[in-house]
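Subject: Structure handover and notes

Hello,

Here is the structure you will be working with. Please open it beside this email, as my notes follow below.

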Amino acid sequence: MFRPQKTVTAAAAAARRELRRGRRPSHDFDASRYFRGERNFGFLNTGTAAMRGVVRAVYAAQRDQWSLADAVQFADALMPGRFLETKLVGIEVLARFRRDFTPRVLVHCKRWLASDYSANWASTDDMCGTVIGPLLHMRPQLIPQMRAWATHENMWVRRASIVGLLVPV
């Protein structure tokens, strides 16, 4: 059970612990075969349902105390982590604050992408679908910024320049 934490840093640490608690053996399935390139990248193998359960629990415990800035700080704490599930919890908790999104969120997303904190299709596409896309939909005046992303040296920034424009069906 996730309890409200006094600081964002404590909440990030508690989320990591919750994810590790849900860790399962991978047996014969090796998810890393779907992720080439990133060397220091791993999987807790918690499963999507358990990972999303952590997202719901963190949001429920913190939503009354947190602002958008806290949610960004939470994602900032989790994005550099080694494990995919940790990154996804940071992105998904931030996405729960979408009503409060400001253009500054786009700056954070680009930094995470350019820093290779999201150097895989799973976390990049999740960020695009749950954070970048909804922000661009709310604030279409930001869409022209995506043109500059398309020529960025980092391939994940380039990918986000187009995937972030896709509208969910």
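The protein has eight helices and zero strands; helices (H or I, at least four residues) and strands (E, at least two) are DSSP runs, numbered from the N terminus. Read from the N terminus, the order of elements is α-α-α-α-α-α-α-α.

This is a predicted model, in which local features need pLDDT of at least 70 and side-chain atom pairs count only at pLDDT 80 or more, while totals for chains, interfaces and linings use all residues. Residues are numbered from 1 along each chain as its sequence is written, and side-chain values use heavy atoms, with hydrogens and water left out.

Overall figures

Of the 169 residues in the protein, 46% are buried. Buried means under 20% relative accessible area, exposed means over 50%, and partly exposed is in between (1.4 Å probe, protein chains only). Contact means heavy atoms within 4.5 Å. Among contacts with a separation of 6 or more, 70% are between residues 24 or more positions apart.

The core

A nonpolar core is a set of buried Ala, Val, Leu, Ile, Met, Phe, Trp, Tyr and Cys residues joined through side-chain atoms within 4.5 Å. The largest one here has 53 residues, and the members that touch the most others are Phe-74, Val-89, Leu-94, Val-105, Met-127, Val-131 and Ile-132. At least two residues of this core come from each of H1 (8–21), H2 (48–62), H3 (68–78), H4 (84–95), H5 (104–114), H6 (121–138), H7 (145–149) and H8 (155–163).

Leaving out residues up to four places away in sequence, Ile-132 touches Leu-106, Cys-109, Leu-113, Met-127, Met-146, Trp-149, Ala-160 and Gly-164.

Helix H3

The buried residues of H3 are Leu-68, Asp-70, Ala-71, Val-72, Phe-74, Ala-75 and Leu-78. They pack against H1, H2, H4 and H5. Ser-67 caps the N-terminal end of H3, with a side-chain oxygen 3.3 Å from the backbone nitrogen of Ala-69. A polar contact is a pair of N or O atoms within 3.5 Å; within protein, one must be able to donate a hydrogen and the other to accept it, and residues adjacent in sequence count only if both atoms are side-chain atoms.

Two helix pairs

Axes are lines fitted to C-alpha atoms, for helices over the stretch in contact, and angles run from 0 to 180 degrees between N-to-C directions. Angles under 35 degrees count as roughly parallel, over 145 as roughly antiparallel, 65 to 115 as roughly perpendicular and the rest as oblique. A crossing is left-handed if the near helix is turned anticlockwise from the far one by less than a right angle, and right-handed if clockwise.

The axes of H5 and H6 come within 10 Å and cross at roughly 160°, so this pair is roughly antiparallel. The crossing of H5 and H6 is left-handed. On the H5 side, Val-105, Leu-106, Cys-109, Trp-112 and Leu-113 meet Thr-124, Met-127, Val-131, Ile-132, Leu-135 and Leu-136 in H6.

The axes of H6 and H8 also come within 10 Å, but cross at roughly 40°. H6 and H8 are therefore oblique to each other, and their crossing is right-handed. Trp-121, Thr-124, Asp-125, Cys-128 and Ile-132 of H6 make this contact with Trp-156, Arg-159, Ala-160 and Val-163 of H8.

Single residues

Ser-161 lies in H8 and is buried, with a relative accessible area of 8%. A polar atom of its side chain lies 2.5 Å from the backbone oxygen of Arg-158. Beyond its neighbours within four places in sequence, Ser-161 is in contact with Met-146, Trp-149 and Ala-150.

Gln-62, in H2, is buried at 1% relative accessibility. Not counting residues up to four places away in sequence, Gln-62 touches Phe-2, Arg-3, Pro-4, Gln-5 and Ala-11.

Most residues other than glycine have a negative phi. Asn-45, in the loop between H1 and H2, has a positive phi, near 60°. Its C-alpha atom is 9.0 Å from that of Leu-84, 39 residues apart along the chain. Leu-84 lies in H4 and is buried, with a relative accessible area of 9%. Asp-116, in the loop between H5 and H6, has a positive phi near 65°. At 39% relative accessibility, Asp-116 counts as partly exposed.

Regards
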